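The sequence and structure come first.

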Protein chains: 2
Amino acid sequence: MAERAVHARQRRADGERTRTAILDAAVRLSTVDGLEGLSIGNLAKDLGMSKGGVYAHFDSKQDLQLATVEAAGAIFRSEVIEPALTADPGVPQLLAFCDAYFDHLERRVFPGGCFFAGAALEMGTHRGPVQEKVAEFHSGFIQLIREFVRTAVGLQQLPPDEDPAALALELNGTLLAADTSFVMYDDPSVLDLGRRVVRRRLGRTEARGNETPAKISNPR
Amino acid sequence: MAERAVHARQRRADGERTRTAILDAAVRLSTVDGLEGLSIGNLAKDLGMSKGGVYAHFDSKQDLQLATVEAAGAIFRSEVIEPALTADPGVPQLLAFCDAYFDHLERRVFPGGCFFAGAALEMGTHRGPVQEKVAEFHSGFIQLIREFVRTAVGLQQLPPDEDPAALALELNGTLLAADTSFVMYDDPSVLDLGRRVVRRRLGRTEARGNETPAKISNPR
DNA sequence: AGAGTTTGAGAACGATCGTTCGTTCTTAGT
DNA sequence: ACTAAGAACGAACGATCGTTCTCAAACTCT
């Protein structure tokens with residue numbers, strides 16, 4: 001996005017390929033061990049190359065972390081956000097977004113669960129450039145949900161008094177809680193529960209007061 | 001709680017005090033650096049004692065982690081769960097529980113945010129005794145919310161078709177999302193938002209359909 | 001008071017951490 | 001084809017990791 005300093009050192013084609021491979025592994029490993037727990041040695045071992053070889057592509061570990069966050073963001077955008085944008089604006093988009101989130105967990109796009117859920121909680125307490133970048137993504141994530149809600153309210157698919165910030169917190173929370181339980185117990189059924197919760201919350205909100213409540217199948 | 005092995009080695013009074021102080025610091029540090037990021041050296045430095053001194057109280061780092069989780073659990077129980085139990089059963093207890101959670105964040109009982117939110121996401125990917133202990137607490141946490149919901153349904157304070165597992169996921173999610181944002185932006189206003197969300201969700205659910213919606217001030 | 005144990009300091013261990021360096025091999029531009 | 005530069009290796013750096021050991025001081029109990 002932003003140009004690197006004054007002299008952006010140019011890369012060779014094979015170097016670019018390697019750099020991509022490194023970041024791919026870095027994203028994968030850091031969803032399991034965290035951005036701090038990610039080590040150059042493990043990364044090099046995972047890739048079958050030397051520590052020095054890895055280091056040739058990054059100025060420091062922090063530089064590697066920043067690039068890793070960026071790479072994870074690109075994956076998240078293409079796997080979760082872009083699919084959601086193909087749905088109709090308003091509630092359908094909101095639903096598509098949540099479904100895409102649950103789906104990317106179920107497909108194990110990141111082996112250790114949602115990258116940004118882990119990164120946000122891990123880096124939230126460590127102020128610095130990496131935390132700022134994570135916060136930037138997290139903030140954009142929240143703003144996106146709020147925007148979806150505002151659009152849905154504007155289309156009268158949600159009640160006019162629906163607070164976008166409040167509903168965004170609810171939905172973000174449901175995604176977070178589902179991710180946490182999914183990672184902890186490795187049980188996809190919590191994702192179904194999450195999908196049901198989101199549907200119930202967004203489903204029949206525009207018509208109020210006189211229809212029979214939605215019947216939600218409740219095993220147990 | 002459980003007796004230690006066959007020979008529970010007896011401790012001296014001063015040793016018990018030191019052990020408590022170590023665990024206090026360990027809980028504090030691990031909410032900032034994580035349970036894996038917690039190191040004996042940092043812990044000793046924080047306490048002004050030697051690594052060997054710390055090690056006299058624990059068999060291994062894993063033993064220290066297990067004791068740290070236990071200590072954090074005791075703090076969480078006395079700071080969040082017990083206050084909630086003094087409220088009337090049903091929705092009031094559910095509300096008191098969520099409020100106590102937001103309060104313990106605001107009072108910064110743990111300097112790095114909710115201990116178990118961080119621990120669950122960090123240890124979820126690292127199977128082993130520590131993960132099992134964290135999962136045990138997490139599971140008890142969820143079960144407790146579900147029990148509160150069941151009680152509230154039994155008392156007809158919530159609709160009879162309210163799914164305890166689904167509502168527990170919603171509430172747990174709201175707490176989680178508030179914790180994440182609070183830690184990331186160090187902004188207490190998200191806790192107020194969380195309190196409002198919980199109140200709206202639990203507030204006017206028993207009477208349905210004909211009262212005017214609650215006016216929620218929304219200063220962007 | 002004396003025996004026996006726990007506590008805690010301090011040094012040391014091998015391993016790994018992030019990082020630097022010098023060298024060799026490969027690619028890209030002329 | 002020649003050359004300048006990037007790519008990757010492998011060794012090494014000091015620091016820190018978890019862990020083990022020894023030893024002196026402090027406490028508990030009879």
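## Conventions

Helices (H or I, at least four residues) and strands (E, at least two) are taken as DSSP runs and numbered from the N terminus. By this definition, Q131(B) is found in helix α7 of chain B.

The model is predicted: local features need pLDDT of at least 70, side-chain atom pairs count only at pLDDT 80 or more, and totals for chains, interfaces and linings use all residues. Residues are numbered from 1 along each chain as its sequence is written, chains are lettered from A and ligands numbered from 1 in the order in which they are written, and side-chain values use heavy atoms, with hydrogens and water left out.

## Overall fold of chain A

Chain A contains nine helices and zero strands. Read from the N terminus, its elements follow the order α-α-α-α-α-α-α-α-α.

Of the 220 residues in chain A, 50% count as buried, where buried means under 20% relative accessible area, exposed over 50%, and partly exposed in between (1.4 Å probe, protein chains only). Contact is defined as heavy atoms within 4.5 Å. Among the contacts in chain A between residues at least 6 apart in sequence, 67% join residues at least 24 apart.

## The nonpolar core

A nonpolar core is a set of buried Ala, Val, Leu, Ile, Met, Phe, Trp, Tyr and Cys residues joined through side-chain atoms within 4.5 Å. The largest such core has 143 residues, and F97(A) and F97(B) have the most contacts inside it. Not counting residues up to four places away in sequence, F97(A) touches V80(A), I81(A), A84(A), F141(A), L144(A), I145(A), F148(A) and L175(A).

## Helices α8(A) and α7(B)

Helix α8 of chain A (residues 164-185) packs on helix α7 of chain B (residues 129-154) at an angle of about 140 degrees, with the axes 11 Å apart. Axes are lines fitted to C-alpha atoms, for helices over the stretch in contact, and angles run from 0 to 180 degrees between N-to-C directions. Angles under 35 degrees count as roughly parallel, over 145 as roughly antiparallel, 65 to 115 as roughly perpendicular and the rest as oblique; α8(A) and α7(B) are therefore oblique to each other.

On the side of α8(A), the residues in contact are T180(A), S181(A), M184(A) and Y185(A), which meet Q131(B), V134(B), A135(B), H138(B) and S139(B) in α7(B). By class, this contact has four nonpolar, five polar and no charged residues; Ala, Val, Leu, Ile, Met, Phe, Trp, Tyr, Cys and Pro count as nonpolar, Asp, Glu, Lys and Arg as charged, and the others, Gly among them, as polar.

Leaving out residues up to four places away in sequence, Q131(B) touches M184(A), M123(B), G124(B) and H126(B).

V197(B) lies in helix α9 (residues 189-203) of chain B and counts as buried at 2% relative accessibility. Beyond its neighbours within four places in sequence, V197(B) is in contact with A166(A), L169(A), E170(A) and T174(B). V197(B) and T174(B) are 23 residues apart in sequence, and their C-alpha atoms are 7.8 Å apart in space.

Most residues other than glycine have a negative phi. D186(A), although not a glycine, has a positive phi of about 55 degrees. D186(A) lies in the loop between α8 and α9 of chain A and is partly exposed, at 37% relative accessibility.

In chain B, phi of D186(B) is also positive, near 55 degrees. D186(B) is placed in the loop between α8 and α9 of chain B, and its relative accessible area of 38% makes it partly exposed.
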